Amino acid sequence: MEGIEGESSEASRYSLRPSRISNEDIIFCIDSDPESLCEMKVTGPNGRPVTRLDSIKQAILLFINAKLTINPDNRFSFAVLGKSASWLRKEFSGDVESAMTALRGLPTTSSCGHADLTSLFRVASHEAKKSRAQNRILRVILIYCRSSTRPQHQLPVNEKCFSLDVLYLHDKPGPDNCPQEVYDALVDAVEYVSEYEGYIFESGQGLSRILFRYMCIMLAHPQQRCTQEHLDIPKSLAKKSPPAEAMPEDVTSAPNQ
C-alpha cells in the first residue's frame, strides 16, 4: 500500500499496488501411520465408528469442491507419509472424481516409528519449479496424525519456492505421547520451507467439525493471507445479551388549575 501524493481526500489517500494472484497446484500429503485409524468422537451411519482417516478424506473432498468453486483452474495431487513420503497420484488434476479415486486407494501402514519429510520437500521443490514455469504456485498441505513421533527433515537452506500448511490431529498428552514437541517440530518445518504465509492447526479433541473448520480456513490463498497470529476467524458465536429496553419517561400530570 503506497501513498498518492497531491491528494487531499481521505478516501483516495492510499491505493493498492496491482498484483497477479496465481492459480494453485496443491499436494495433499496424508499420514498413513496406524494412528490415522484412531476413532473420532462421532459415529457414522448405523452407528459405525468414524476414524481420523474417514474424516480426513471428507475434509479433503470438502476443500477440493470449495476450491474449484472459487477457481476451477486449481489442481491437486496426492502423496502419503510413511517413514518417508511417496506419491499416491503424481499427476495434478482438477477432476473431483479423480480425487475420490485417489483417496479410496489411500493405504495405511504398520507403525513407522519415524517420519522423514525430506523426500516430500524435495519433490515439492521440484514440482514448484514446474508450476512456476506455468505462472502457478505450489502448496503442500500435510495432514499428520502421530502423537509421539517428531517429524524430521534434512535439507540445505535454499530459496523458498513453495508454501506449507499443516493439520495435526493427535491424542492427549500422556506418558507415551508428546504432542507439544511434535507440534513444535511441525511449526519449525512450516517456517523453514514456506514461501508465503503457512498455517498450522492442531486438535486433540477428536471432533470432525474442528477438522472441517480448519480445512475451510486453509482455503485462503497463500498470496492473500494475513499472518496466522493476526487470524481472527472463525468468529465466536457466543450469544450477546440483548440491550436493556429503554424505559419510557415518567409522565408528570399537569397540576389542577
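Contact means heavy atoms within 4.5 Å. The model is a predicted one, in which local features need pLDDT of at least 70 and side-chain atom pairs count only at pLDDT 80 or more, while totals for chains, interfaces and linings use all residues. Residues are numbered from 1 along each chain as its sequence is written, and side-chain values use heavy atoms, with hydrogens and water left out.

**Exercise 1. Describe the overall make-up of the chain.**

Step 1. Helices (H or I, at least four residues) and strands (E, at least two) are DSSP runs, numbered from the N terminus. The chain has five helices and 10 strands.

Step 2. Of the contacts with a separation of 6 or more, 73% join residues 24 or more positions apart.

Step 3. Buried means under 20% relative accessible area, exposed over 50%, and partly exposed in between (1.4 Å probe, protein chains only). Of the 257 residues in the chain, 42% are buried.

**Exercise 2. Classify Cys-29 and Cys-161 as buried or exposed, and state how many disulfides the structure holds.**

Step 1. Cys-29 has 0% relative accessibility and therefore counts as buried.

Step 2. Cys-161 has 12% relative accessibility, so Cys-161 counts as buried.

Step 3. The structure holds zero disulfides, a disulfide being a pair of cysteine sulfur atoms within 2.5 Å.

**Exercise 3. Determine how helix 1 and helix 2 are oriented to each other.**

Step 1. Axes are lines fitted to C-alpha atoms, for helices over the stretch in contact, and angles run from 0 to 180 degrees between N-to-C directions. The axes of helix 1 (residues 52–70) and helix 2 (residues 96–104) come within 11 Å and cross at roughly 165°.

Step 2. Angles under 35 degrees count as roughly parallel, over 145 as roughly antiparallel, 65 to 115 as roughly perpendicular and the rest as oblique. Helix 1 and helix 2 are therefore roughly antiparallel.

Step 3. Helix 1 contributes Lys-57, Ile-60, Leu-61, Ile-64, Asn-65 and Leu-68 to the contact, and helix 2 contributes Val-96, Ala-99, Met-100, Leu-103 and Arg-104.

**Exercise 4. Determine how helix 1 and helix 5 are oriented to each other.**

Step 1. The axes of helix 1 and helix 5 (residues 208–217) come within 9 Å, crossing at roughly 30°.

Step 2. Helix 1 and helix 5 are therefore roughly parallel to each other.

Step 3. From helix 1, Ser-55, Ile-56, Gln-58, Ala-59, Ile-60, Leu-62 and Phe-63 meet Ser-208, Leu-211, Phe-212, Met-215 and Cys-216 of helix 5.
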